[in-house]
Amino acid sequence: MGVTPLIALPIEQLRRRSSTKWRSYADDVLPLFVAESDFPLAPAITRVLAEAVALGDTGYTPPRHAYQETFAAFCERRFGWQVDPAQVRTTGDVVMGLVEILRGVIAPGDGVVITPPVYPPFYDTVTEAGGIVRSVPLQVTNVGWSLDLDGIELAFQQGAKAMLLCNPHNPTGTVHSRESLTALASLAAQYGAWIVSDEIHAPLVRPSIDFTPFLTASDEAAARGFTVTSASKAYNLAGLKTASMVTASREPARILASLPMEVEWRTGLFGVLAGIAAYAEESDAWLDSLLVTLEQNRQIVADGVAALPGAEHRVPDAGYLAWINMQRSTIEGDPSKYLLHHAKVALNSGPTFGPEGERHVRMNFATSPEILHEAFARIAAAL
Ligand SMILES: Cc1ncc(COP(=O)(O)O)c(C=O)c1O
């Protein structure tokens with residue numbers, strides 16, 4: 001039996017939401033920017049949150065709960081990744097986890113590699129942790145993007161002590177190959193560097209693509225790596241504030257355990273309750289429906305971009321973000337500004353992802369086909 005797609009909420013309901021996506025622009029703008037999605041919650045999440053509200057279950061998050069075991073079971077089912085629940089700790093969100101782990105592995109002033117174009121907060125994450133950003137841009141190949149392993153090796157040789165890996169990568173949607181992750185782990189082992197892997201988009205990898213959780217790439221990856229992830233992207237739970245920090249060997253686990261107690265106390269109770277419901281087997285059918293919908297939306301985006309003069313993009317391997325290159329369009333300057341003004345479509349501005357993002361925009365396609373068609377019609381008219 002085929003999987004039924006998930007239907008996004010109608011725009012009148014979406015406009016009643018109070019989150020950033022729906023409250024940043026006037027009602028004549030279609031918001032396709034920040035990575036929130038427009039679908040109804042998975043039923044198990046709605047149920048558990050409604051019960052918690054009815055009970056007034058709004059206190060502090062206890063240190064141990066079913067979250068770790070449920071998360072580990074999800075990783076095994078979805079990625080064949082065996083996670084030890086005892087090596088999972090929680091915090092408020094993925095970015096907090098990245099900052100605190102970096103603080104645990106670098107000294108002030110150490111270099112930290114990032115690979116732009118990349119999720120803009122990575123820049124501040126490094127500086128907040130006391131590090132210095134060491135940019136090693138992704139390499140553009142004829143089949144997409146890949147890690148510049150020579151550039152990363154040079155950065156490690158020159159003293160960088162850690163790297164923030166984004167796998168799957170935001171904004172390009174690249175799922176890094178097992179070979180490149182294994183090679184990265186070898187470099188980390190050789191130079192004594194740490195890899196902190198942000199895998200928040202992993203549940204949204206296309207069914208046809210093989211995803212390698214970094215910690216499974218090799219023994220060296222397990223020895224030199226940390227993974228930070230959350231149910232917040234796939235299940236739209238960003239406001240509930242829970243993320244997982246995962247290790248797979250003794251030294252990284254010791255480092256996680258030595259972080260200040262406050263790091264775990266920042267975990268949101270609603271995020272834990274919703275996370276348990278999201279990772280439960282009961283919600284797999286909802287996630288499969290979402291993946292079918294995103295597959296359909298990727299096609300709408302591919303057709304829409306192909307019809308725009310001077311715009312190009314590669315279908316992402318994962319996630320619901322499209323990275324659109326507008327270098328050959330006639331728009332001068334930042335296309336997101338032009339399109340907000342002339343098409344009333346809000347997209348992310350490419351240069352915020354690093355200089356490599358000049359004249360690019362990022363489009364969030366986790367919405368209805370109607371909104372996507374309307375957005376492309378407005379953009380085409382504006383061009
Ligand atoms: C790669 C990546 N990391 C982290 C985040 C934010 O996660 P959180 O809200 O849990 O900090 C996002 C949000 O889009 C993201 O794309």
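So, D93: this residue is buried, with a relative accessible area of 18%. Buried here means under 20% relative accessible area, exposed means over 50%, and partly exposed is in between, using a 1.4 Å probe and protein chains only. Before I go on, this is a predicted model, where local features need pLDDT of at least 70, side-chain atom pairs count only at pLDDT 80 or more, and totals for chains, interfaces and linings use all residues. Residues are numbered from 1 along each chain as its sequence is written, and side-chain values use heavy atoms, with hydrogens and water left out.

Okay, back to D93. Which residue does D93 form a salt bridge with? The partner is K241, and the closest N and O atoms are 2.7 Å apart. By salt bridge I mean a side-chain nitrogen of Lys or Arg within 4 Å of a carboxyl oxygen of Asp or Glu. Side chains of opposite charge can pair when their charged atoms come close. D93 sits in the loop between β2 (88-91) and α5 (94-105), while K241 sits in the loop between β9 (225-229) and β10 (243-246), so this pair ties together parts that are 148 residues apart in sequence. Those helix and strand labels are DSSP runs numbered from the N terminus: helices are H or I with at least four residues, strands are E with at least two. K241 itself is partly exposed, at 35% relative accessibility.

Now, how many salt bridges does the structure hold? There are 18. Another one is R15 with D27, where the closest N and O atoms are 3.7 Å apart. R15 is in the loop between α1 (11-14) and α2 (20-23), and D27 is in the loop between α2 and β1 (30-31), so here the linked parts are 12 residues apart in sequence. D27 counts as exposed, at 54% relative accessibility.

Then there's a pair inside one helix. E374 and R378 form a salt bridge, with the closest N and O atoms 2.7 Å apart. They're four residues apart in helix α15 (residues 369-382), which puts about one helical turn between them. Both are partly exposed: E374 is at 36% relative accessibility, and R378 is at 23%.

Let's zoom out to the domains. The assignment, which is automatic or from a database, gives domain 1 (11-43 + 283-382) and domain 2 (59-281). Their centres, taken over C-alpha atoms, are 25 Å apart. The contact, meaning heavy atoms within 4.5 Å, takes 30 residues from domain 1 and 37 residues from domain 2. Between domain 1 and domain 2 there are four salt bridges. Over on R78, there's a salt bridge with D288, closest N and O atoms 2.8 Å apart. R78 and D288 also belong to a salt-bridge network with R77 and D284.

Last stop, strand β7 (residues 162-166). Is β7 mostly covered or uncovered? Mostly covered: five of its five residues are buried. On one side you've got A162, L164 and C166, on the other M163 and L165, all buried. In a regular strand the side chains alternate between the two faces of the sheet.

Strands pair if DSSP finds at least two bridges between them. Strand β3 (residues 111-114) runs parallel to β7 and is joined to it by two bridges, with V112 opposite A162. β7 also pairs with β8 (residues 194-198), again parallel, over five bridges, and there L165 has S197 as its bridge partner.
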